[in-house]
Amino acid sequence: MTVSRLQDDVSSKAMEGVMTLAESPSRVKSLLTNQMDEALARHDNQMVNQLLDNAMAHHLLGPQAPSIIRSAAQQQAKRQLREAIDSGDPKRLKGSLVAAKRLNATDLPEFQEAVAKYKEVRKLPLGWDVSLMVLHREGARMVAKLELEDPNVRARFQRLLDLTHRKVYTRDRMGEPVPERLQLLTVSSVTNDESWAQYVARREAVRREIDSDKTDWCSYDVDTVARSSGDEALDALGESAESIAFAMADDFATPLMGEVNEVFLFHGTTESAAEKIKTHDFRINLAGSNAGTLYGRGIYLAENATKSDEYTHPGPNGVRHLLLCRVTLGRVFYSNTKETEPRKCEDACLKGKFHSILGDRKACRGTFREFVVFDEEQIYTNYILTYRRQ
């Protein structure tokens, strides 16, 4: 076969998309290499991209790819990254990062420059590893779930579980005993660019609403950010929940905003729901998921791990899951009556100026305080904890 016939063969097959896995690997490599050389010489970007698509389909973009294929992939990725950087458009930046990953071109200087630009325009926390999020991208979202293996970090989360543990029984335990302790197994941090952007935008909107109208505004302390647990012996064993919360916020290089009652709260969940957080936003069925509808059809969270533990379900070997979420409570509607009015609570937030409900069952029943949010964008799932009851 002459060189021109060979080029015509691969050109027609690339253009028509009929180069299949049935082709001999050596023949595919030869066809692609020869035609790529010609396409680059002609500066034919359309053909270059079509050939790269074929190379990708035949797994020829890895470290063992022909040098001319690797070079073409790097050139295309570099061009797309540079155009995205210059545009400053977050959608184009994200697309160029994903494309660079697919072209096996993440070692380019422009890739790191695009990562930095994307973090800047999306206002992502400085501590986020966007490169990792791109490399571990699943579905349409850039999400990373990274297990934290540092023993000191794990000890800090165990300490928070201990500090927020209260051995108090409620009927939501359905007859099961209150555990003596929640024994931490793993901690995973979650970085999700879309969810974080939505959360930050909503937090800013809440801040502006409160700034424009200070009536009924009150700052609330929660056990997950408390200076003291109320147990002197326990407090003497280590750092406070306040110190731990500040450290968790520092991991995102984004301090908690006291002016909007931003706090960390627990939410009990299932293994399957926790797994979906890798590829989905934090979306809980608003028809009283997990915790009933005592204060309306919202998302129920708790300052005490013991309370959220009531709504978990054991997996293999008794492993359970808790979410530790960053939450903007904003202007809080406080209720400490034994008999509640769910519709009134809903209307206070959905039709009124309040942003969340604090149902103080600790004051009226001696059990726990419950926090209810009706807007999912006021919640960012920060960590996933696995544990067993003891």
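Analyst: Residues 24 or more positions apart account for 74% of the protein chain's contacts with a separation of 6 or more. Keep in mind that this is a predicted model. The chain has 15 helices and nine strands, and 51% of its 390 residues count as buried.

Now for the inside. The largest nonpolar core has 83 residues, and the members that touch the most other members are Leu-52, Leu-97, Phe-157, Met-248, Leu-324 and Leu-385. Helix H4, residues 67-87, is the top contributor to this core, with eight residues.

Let's zoom in on Leu-324. Once you skip its neighbours within four places in sequence, Leu-324 is in contact with Phe-157, Leu-160, Met-248 and Leu-385, among others. Its list also includes Phe-264, Leu-265 and Phe-266, plus Thr-381, Asn-382 and Tyr-383. There's also a second, separate core of 10 residues, and Tyr-300, Cys-345, Ala-348 and Phe-374 are among its members.

Two of those names, Cys-345 and Ala-348, take us to helix H14, residues 342-350, whose buried residues are Cys-345, Glu-346, Ala-348 and Cys-349. Looking down the H14 axis, these buried residues fall within an arc of 155°, so they line one face of the helix. The cover over them includes strands E6 and E7, the latter at residues 356-360.

What about the cysteines? The structure holds zero disulfides. Cys-345 has the sulfur of Cys-349 as its nearest cysteine sulfur, but that one is 7.8 Å away. Cys-345 counts as buried because its relative accessibility is 3%, under the 20% cut-off. Cys-325 counts as buried too, at 0% relative accessibility.

A few loop residues deserve a click as well. Asp-216 sits in the loop between H9 and H10. Its phi is near 60°, a positive value in a residue other than glycine. Most residues other than glycine have a negative phi. Asp-216 is partly exposed, with a relative accessible area of 47%. Asn-317 also has a positive phi of about 60° without being a glycine. You'll find Asn-317 in the loop between helix H13 (305-309) and strand E5 (320-328), and it counts as exposed because its relative accessible area is 66%, over the 50% cut-off.

Arg-227 is in the loop between helix H9 (193-212) and helix H10 (232-235). At 69% relative accessibility, Arg-227 counts as exposed, yet it touches Ser-240 and Glu-242, not counting residues up to four places away in sequence. Arg-227 and Ile-244 are 17 residues apart in sequence, with 9.9 Å between their C-alpha atoms.

Finally, confidence. The chain averages a pLDDT of 85, and 88% of the residues score at least 70. Where pLDDT is low, the predicted coordinates should not be read in detail.

Methods
Residues are numbered from 1 along each chain as its sequence is written. This is a predicted model: local features need pLDDT of at least 70, side-chain atom pairs count only at pLDDT 80 or more; totals for chains, interfaces and linings use all residues. Side-chain values use heavy atoms; hydrogens and water are left out. A nonpolar core is a set of buried Ala, Val, Leu, Ile, Met, Phe, Trp, Tyr and Cys residues joined through side-chain atoms within 4.5 Å. Buried means under 20% relative accessible area, exposed over 50%, partly exposed in between (1.4 Å probe, protein chains only). Helices (H or I, at least four residues) and strands (E, at least two) are DSSP runs, numbered from the N terminus. Contact means heavy atoms within 4.5 Å. A disulfide is a pair of cysteine sulfur atoms within 2.5 Å. pLDDT is the predictor's confidence in each residue, from 0 to 100. The arc is that of the directions from the helix axis to the C-beta atoms.
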